[in-house]
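These are my notebook entries on a structure that I am reading for the first time. I set down what I looked up, in the order in which I looked it up.

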Amino acid sequence: MRRPAAKHDLPPPLELACLRALWQLGEGTVHDVRRVLSKERVLAYTTVMTLWDRLEKRGCASRRKPGRSFLYRPKINRDTMRDRALKQLLAGFFDGSADALLAYLRHPRSHAAKHATPEK
C-alpha cells in the first residue's frame, strides 16, 4: 500500500513536469498544461488530471472552476521547490553539508577518485 504524499516531499518527475508547465503559465487548464508539456512528451488528458489531483493533495497546487473547466494554479513557487530539492540532495549525498556540496562542485573528479570502489 502506498503512503500518502507528504507536503514536503518532492513530487515525482511527471508531477514536477506539470508544475513546471504551470509555473510558465501562471494559471491554466489541463489543455493548457498538456500543450506546454507536448514539447517534451505527450500525456493523455486524464493522466494530466490525475497528476493535478496528486499535486493538489500534496499541497503544491489549487484549482477553481469559474466555468466549465477547472483552472489550476501553483501554490508553491519554483524557489521553494528548489529549496526542498537542495535539502534532500544535501541530506542524501552530502551529510547535510552545503560546504561538502560546494567542495564537490569545485572538484568533482578528485572526490570521485577518493571514493572509488576498487575493482576485484
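Entry 1, terms and sources. I take helices (H or I, at least four residues) and strands (E, at least two) as DSSP runs, numbered from the N terminus. I note that the model is predicted, that local features need pLDDT of at least 70 and side-chain atom pairs count only at pLDDT 80 or more, while totals for chains, interfaces and linings use all residues. Residues are numbered from 1 along each chain as its sequence is written, and side-chain values use heavy atoms, with hydrogens and water left out.

I looked up the length of helix 3: it has 14 residues and reaches 20 Å from its first C-alpha to its last, close to the 20 Å expected at 1.5 Å a residue. The expected span is 1.5 Å times one less than the number of residues. I then listed its buried residues, which are Val-48, Leu-51, Trp-52, Leu-55 and Arg-58. Buried means under 20% relative accessible area, exposed over 50%, and partly exposed in between (1.4 Å probe, protein chains only). Seen down the axis of helix 3, the buried residues fall within an arc of 120 degrees, so they line one face of the helix. The arc is taken from the directions from the helix axis to the C-beta atoms. Thr-46 and Lys-57 are exposed on the other side of helix 3. I find helix 1, helix 2, strand 1 (61-64) and strand 2 (71-74) among what covers the buried residues of helix 3. Gly-59 follows helix 3 and has a positive phi, near 90 degrees.

I located Tyr-45 in helix 3. Tyr-45 counts as partly exposed because its relative accessibility is 32%. Not counting residues up to four places away in sequence, Tyr-45 touches Val-30, His-31 and Arg-34; contact means heavy atoms within 4.5 Å. Tyr-45 and His-31 are 14 residues apart along the chain, and their C-alpha atoms are separated by 7.3 Å.

I looked up the largest nonpolar core, which has 20 residues. Such a core is a set of buried Ala, Val, Leu, Ile, Met, Phe, Trp, Tyr and Cys residues joined through side-chain atoms within 4.5 Å. Those with the most contacts inside this core include Cys-18, Val-33 and Trp-52. Helix 1 (13-25), helix 2 (30-37) and helix 3 (45-58) each give two or more residues to this core, and helix 1 gives the largest share, six residues. Leaving aside neighbours within four places in sequence, Val-33 is in contact with Cys-18, Ala-21, Leu-22, Leu-25, Val-48 and Trp-52.

Cys-18 is buried, with a relative accessible area of 0%, and Cys-60 is buried, with a value of 0%.

Helix 4 has 16 residues and reaches 22 Å from its first C-alpha to its last, close to the 22 Å expected. I list its buried residues as Met-81, Arg-84 and Leu-90, and these pack against helix 1 and helix 5. Asp-95 is found in the loop between helix 4 (78-93) and helix 5 (98-106). Asp-95 has a positive phi of about 50 degrees although it is not a glycine. Most residues other than glycine have a negative phi. Asp-95 counts as exposed because its relative accessibility is 78%.
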